[in-house]
Amino acid sequence: MSSNNPISNFQDVPWKQRFYRSMLGYGIHFSRRSDGTINRFIMNLFDLKAQPSKQPIDGVITSDTVVDATRNLFFRLFLPSFEQNTNMPLIVYFHGGGFAYMSANSIAFDDLCRNLCKKTGAVIISVNYRLSPEHKYPSQYDDGFDVLKFIDDNANTKNFPSNVNLKQCFIAGDSAGGNLAHHVTVKACEYGLRNVKLIGLIAIQPFFGGEERTESENRLVDAPVLSVKGTDWLWKTFLPEGSDRDHPACNVLGSKSVDDIRRLKFPATMVVVGGVDPLYDWQIRYYEGLKKCGKEAYLIEYPNAFHSFYGAPELKEYSGLLMEEVKDFIGKLIK
């Protein structure tokens, strides 16, 4: 499915969003040290945080639950404050940031998940996982799966609203979070959860790659928000020492992949791509790979969208359409 839109470049973004993204970009740039580490003090000056709120904000209340304090592993729960049904689906969400930046309580992702909760009527659990380069692969995958197991083990406790339906669970994420969503879903399929049933995967511009330079990477080498040089740096900080970008964490369906998707009861998957995203070709390959493995997969394509367009709620032509697509995808699977 393809959706056209008049906003075709970064300069068309409202000035508030451009200012915020530019400031965040400066923070990311200046926080990177020459030795491949990140100055967290500098980055935190730009990555502003939102506190949980028991009082409704834009129709949604939020709270935090600690899973493992030693890892700063927690999740933020987003619950609609408006009229609720007794059978709300659950979305377990992984934020983007190249595995190295942002958090579940970053203002950008607090806003995104709040909007997702309001528009879909689903309960959202946004996972705060460890970041690279301090914590390389597979720390993020382990954290994500541990939260999923925590949900499974505590299904009937006060940690969760009584009207959430854990048999209607979706795994979702954007950018690096989309990569995480895929790998956590694979782990869940192999593990076998008792109370949680995964019925859908929502991969929004997932962060995949490989050693090969694709046409979209060559064409959009200096794309706004995410450049090819930037993706190379992020993979180097995340992947194990000595690994290249054909590592299965990056090139998920490549020749080195150890996951046989064909044998898994993999859930229906929605893949969202943007035509002005250097990762476009890798995302298309992921969608096509799922189809070749005989899995149910849907492609949502915005030809003029840049990477992380969904983080700009003022771009209703994009973010509004995306929320509707997610809502329709959920509705299709819970009928």
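The model is predicted: local features need pLDDT of at least 70, side-chain atom pairs count only at pLDDT 80 or more, and totals for chains, interfaces and linings use all residues. Residues are numbered from 1 along each chain as its sequence is written, and side-chain values use heavy atoms, with hydrogens and water left out.

Stop 1: Select the eight strands of the open sheet, ordered 1-2-4-3-5-6-7-8 with mixed pairing. Strands (E, at least two residues) and helices (H or I, at least four) are DSSP runs, numbered from the N terminus. Two strands pair if DSSP finds at least two bridges between them. Strand 1 (60-68) and strand 8 (297-306) stand at the edges with a single partner strand each, so one side of each has no neighbour in the sheet. On average, neighbouring strands are turned by 20° against each other, direction ignored. Now show strand 1 with strand 2 (residues 73-80): they pair antiparallel over eight bridges. I61 stands opposite L79 in strand 2.

**Stop 2: helices across the sheet.** Select helix 4 (residues 139-153), which runs at about 55° to strand 2. Strands lying under helix 4 include strand 3 (88-94) and strand 4 (123-128). Next comes helix 5 (residues 176-191), lying across strand 3, strand 5 and strand 6, at about 135° to strand 5. Axes are lines fitted to C-alpha atoms, for helices over the stretch in contact (heavy atoms within 4.5 Å). Angles run from 0 to 180 degrees between N-to-C directions.

**Stop 3: the largest cavity.** Select Y93, L112, L116, I204, Y310, L322 and M323, which line the largest cavity. A cavity is a set of points on a 1 Å grid over the protein atoms alone where a 1.4 Å probe fits but cannot get out; lining residues have an atom within 4 Å of a point. The volume is about 50 Å³, taken as the space filled by probe spheres set on the points, which are joined across faces, edges and corners. Helix 3 (107-120) and helix 9 each supply at least two lining residues.

**Stop 4: the second largest cavity.** About 40 Å³ of space lies here. Among the lining residues are R213, E217, D232 and W282. Helix 7 (residues 228-238) gives the most, with three residues.

**Stop 5: V326.** Find V326 in helix 9 (residues 316-334). V326 counts as buried because its relative accessibility is 2%; buried means under 20% relative accessible area (1.4 Å probe, protein chains only). Beyond four places away in sequence, V326 touches L116, T120, I202 and M270.

Definitions and conventions: Buried < 20%, exposed > 50% of the residue type's maximum accessible area, 1.4 Å probe, protein only. 1 Å grid on protein atoms, 1.4 Å probe; cavity = no way out; pocket = protein on both sides within 12 Å on 5 of 7 lines; lining within 4 Å.
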